Amino acid sequence: MSASSLVIRARKRAGITQTELARRCGTTQSAIARIESGSIATSHVRLASLIEACGLELDVRIVEPHDVDVAALRRNLGLSYDERVAKVVALANFIQAGRAERKTSHSTSRQSRDDFENRD
């Protein structure tokens, strides 16, 4: 996420205007507008101070990459639109069949239980 979008998100979350954020930071509304538009870069320290002025905290962490199969993504991007749609339809059909099977097995086990309880 870009610095400009972080500032916008923080400001909107705080429910304040660009003018109010500028007042809190000792700068001008036009400077905030330029930061939010991405027309000027801002340092990490400046970004943190802008977000703190919104009553929030910038949390930067190093984390392991998400469990994403990049090779699978590249293979899918290499497919045509029709091929991707066909894969999605096949997946939806697979899910629907699994749900139908689960519903059938659930009702069968309920019937077996009812039969057991009503034997006499």
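I began with leucine 73, which is found in helix α5 (residues 70–77). My helices are DSSP runs of H or I with at least four residues, and strands are runs of E with at least two, numbered from the N terminus. I am working on a predicted model, where local features need pLDDT of at least 70, side-chain atom pairs count only at pLDDT 80 or more, and totals for chains, interfaces and linings use all residues. Residues are numbered from 1 along each chain as its sequence is written, and side-chain values use heavy atoms, with hydrogens and water left out.

For the classes I took buried as under 20% relative accessible area, exposed as over 50% and partly exposed as in between, with a 1.4 Å probe and protein chains only. Leu73 forms a nonpolar patch on the surface with Val68 and Val70, and together they have about 240 Å² of accessible area. Patch members need over 30% relative accessible area and no salt bridge; like charges are joined within 9 Å, and nonpolar side chains (Val, Leu, Ile, Met, Phe, Trp, Tyr) within 5 Å. The areas come from the Shrake-Rupley method with a 1.4 Å probe, and for residues only the protein chains shown count as cover.

Next I looked inside. The largest nonpolar core has 15 residues, and Val7, Leu21 and Leu50 have the most contacts inside it. α1, α2, α3 and α4 each supply at least two residues of this core, and α4 gives the most, with five. By a nonpolar core I mean buried Ala, Val, Leu, Ile, Met, Phe, Trp, Tyr and Cys residues joined through side-chain atoms within 4.5 Å.

What does valine 7 touch, leaving aside its neighbours within four places in sequence? I found Leu21, Ile35, Glu36, Leu47 and Leu50 in contact with valine 7, contact being heavy atoms within 4.5 Å.

I then followed helix α4 (residues 44–53), where Leu47, Ala48, Leu50, Ile51 and Ala53 are the buried residues. They pack against α1 (3–14), α2 (18–25) and α3 (29–37). After α4 comes glycine 55, with a positive phi near 85°.

How many salt bridges does a search of the whole structure find? I got four, counting a side-chain nitrogen of Lys or Arg within 4 Å of a carboxyl oxygen of Asp or Glu.

Glutamate 36 pairs with arginine 11, the closest N and O atoms being 2.5 Å apart. Glutamate 36 lies in helix α3 and arginine 11 in helix α1, so this pair ties together parts that are 25 residues apart in sequence. Glutamate 36 is buried at 8% relative accessible area, and arginine 11 also counts as buried, at 11%.

In helix α2, glutamate 20 and arginine 23 are three residues apart, about one turn, and their side chains meet in a salt bridge of 2.6 Å, N to O. Arginine 24 forms a salt bridge with glutamate 20 too, at 2.9 Å between the closest N and O atoms. I noted Glu20, Arg23 and Arg24 as a network of salt bridges. Arginine 23 is exposed at 57% relative accessible area, while arginine 24 is partly exposed at 40%.
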